[in-house]
Amino acid sequence: MAGPVTARGARGRPRPPSPSRIAVVGGGPGGLYAAALLKRRDPRREVTVWERNAPTDTFGFGVVLSDETLGGIRDADPVAYAALDRELVRWDDIDIVHRGRRTTSTGHAFAALGRRRLLELLHARCADLGVRLRFRAEAPPPAALAAAHDLVVAADGVHSRTRETYAAHFRPRITTHRCRYIWLAADFALDAFRFETAETEHGVLQLHAYPYASGSSTVIVEAREEVWRAAGLHTLDEAASTARCAELFAGALGGRKLRANNSAWTAFRTVVNEHWSYGNTVLIGDAAHTAHFSIGSGTKLAVEDALALADGLDAHRTTADALAAYEAGRRPAVASTQRAAAASLHWFEELAGRADRPPRRFAFDLLTRSRRVTHANLRLRDPALTAAVEDDFGCPPGTPPMFTPFRLRGLTLRNRIVVSPMDLYVAENGVPGDFHLVHLGSRALGGAGLVMTEMVCVSPTGRITPGCTGLWTDEQAAAWSRVTDFVHTSAPGTAIGVQLGHSGRKGSTRRMWEGIDRPLPEGNWPLVAASPLPYRPGVNQTPAALDRAGLAAVREEFTVAARRAARSGFDLLELHAAHGYLLSGFLSPLTNHRTDAYGGDLEGRLRFPLEVLDAVREAWPDDRPLTVRISATDWAEGGTTAEDAVATARALAAHGADAIDVSTGQVVPHETPAYGRSYQTPYADRIRNETGVPVIAVGAISSWDDVNSLLLAGRADLCALARPHLYDPHWTLHAAAEQGYEGPAAPWPDPYRAGSRRPPTGRRDQEAP
């Protein structure tokens, strides 16, 4: 059996100087494991844990640990791992029960144990190593602890006193979410992780449940705040709440009772800190960050924090360097987990909008909600379920979802990939040239179903920069005809669309690489907008608010440009009503301060964009589709809300829009986007499933696996990618090759067929080492 390591390293080298007196605030699993690990790494250390509760007190029931976390524990402390391993309950299945139908997915590795048992094991390990455990003892004030110790580890939870004491330095941001939940337990072991919905007259409630011991399961019941209140759950005490939850989910429980343990309805709070350490005090676990219980446990994160902290102290000569290394090394993983948790949390918040999905699609959507499980990943875990979902979607045998056709009016796209509009800023007097021909032509040859132009401006004063393209002259229309002719002739089956727009208050600026959104050094033209608000006060010029005559003139410019676009041979037209340009400026309350009929509430703010849409729809051929790009959120307080976006999409569809291209932001410079993988797609998802209008999803969709996952889950109908197509013009053809697809939705041009197989790399005549 492995014992404590010595004060010398594994190869006999002396350890760097390390803190000799360590205080740990909080005797939960994270604090106890940190104490044990720090003592084991250097037995000379004096480690003391302060815990306000008794050793037998605990809250909640089961704790889920991932294989990755358990592997870290095994490597760091085989003794602690062996004790845990004997207690773990393991299973592979997830049962999803919705509207009385159960869908089971297999291949998911879970391990759990009771929280109380976990604490007992950690108490014993700490005692064996010589950690001082002080129960029923409030820790001294943070400043006193810091003065008396070389290191203070604050593992004092989501309500951390340490964090609040030093809030000016840690700079916490705490977000309270829209659901209420309660932790309960059942005295029998489920044989799978179980998600179940209960649709009541008050709304939808959901159950999350899993086994944690041979005769016990954790049961969490969750509901939106308004559903919780309408159902009267806010008036019930612990006993009555427990009984009511057992009634709601009697089927899952087999009619058995639930039990509580200091259980109360609460709202989940996401904790983010700008800094994790201050002087010799460091935050770990829920004190530093939280992640919604639907993707794992806070215990997992806290244990991984403790491992990283111990590694940092081993590797660096000073405590300050060690804490900096801990934070720098741990932040990316925590940020990734919190992004996944946010996606999962929001999925459950919006569960009611997904209730009508077919059972297997509902299950696939739930399984992939956090983006950590994907289509390709689930095909490996559970090929049978994935194949059934693909069949429901309409995938022919051997055809990935992205290579199924999609119809908009008289246009059938051969696959679901869109080359997103990308401004090039290389036109002369609005005329597209050879660069545009090669750029758009190469992406059309690359296999996408639809290739979109950059924003094509409807007037000289509607340009963003002097390098923007336009459709206000016949010369420009003829140049665009050259591009569409090439696409239709050389890449038959590829559609090409035009995006029409007007810069509004964001015009008369330099090309992107010369200074994005910076005014021209000379030759500026006057700007117009919904309201006389400069994009950046003191930097950009103040636009003139459009009067009635100006509104009519701009509307006519869009109409004339649409007619030219039709004559130029474009297959699809998109109105650009996003990113703070003119039409977007009318939609957002942050940029539309008008007091006439074109301002005020959403109905007023929609008036001019709808007038433009009506005029363009009339001018555009009836058999050709028309889409509208919107910013579904401004990422700024007081801006467009998700509810506004849904209402806007409904109105646009009622006026002839065939699909909504759902982007976000770029409306105001003080926005704070929540960047991350596929970070804009939840807005497309909500619009699609609340309105029934087809949507194009955009926003950091970077892999064909992401595309397939979004389509199969029912979150999007088409996926638009920009940067991946800059990196690889043949992205779609390569996606087909990588998936082994050779069907009609991704044909290689005849001159390129010899390149349709990945070239070999390196020699193959050598034996593997």
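Predicted model: local features only at pLDDT ≥ 70, side-chain atom pairs only at ≥ 80, totals over all residues.
Residues are numbered from 1 along each chain as its sequence is written, and side-chain values use heavy atoms, with hydrogens and water left out.

**Whole chain**
- The chain has 26 helices and 29 strands. Both are DSSP runs numbered from the N terminus: helices are H or I with at least four residues, strands are E with at least two.
- Its C-alpha atoms fill a box of roughly 85 × 70 × 55 Å along the principal axes.
- Of the 769 residues, 59% count as buried. Buried means under 20% relative accessible area, exposed means over 50%, and partly exposed is in between (1.4 Å probe, protein chains only).
- Residues 24 or more positions apart account for 72% of them.

**An annotated span**
- UniProt, in an unreviewed entry, places the feature "domain: FAD-binding" at residues 22–337. Such annotations may be inferred rather than shown by experiment; positions follow the numbering used here, and feature names are shortened.
- The span is 38% helix and 31% strand. Its end C-alpha atoms lie 28 Å apart.

**Thr648 in helix α22**
- Thr648 sits in helix α22 (residues 642–654).
- Thr648 counts as buried because its relative accessibility is 6%.
- Beyond its neighbours within four places in sequence, Thr648 is in contact with Leu587, Leu602, Leu606 and Ile630.
- Arg594 is 54 residues from Thr648 in sequence. In space, their C-alpha atoms are 18 Å apart.

**Met512 in helix α18**
- Met512 belongs to helix α18 (residues 512–515).
- Its relative accessibility is 44%, so Met512 counts as partly exposed.

**Helix α26**
- Helix α26 covers residues 731–738. Its buried residues are Trp731, Thr732, Leu733, Ala735 and Ala736.
- Their cover includes β20 (417–419), α16 (434–445), α24 (704–713), β29 (718–721) and α25 (723–727).
- Gly740 follows α26, and its phi is positive, near 70°.

Notes: Contact = heavy atoms within 4.5 Å.
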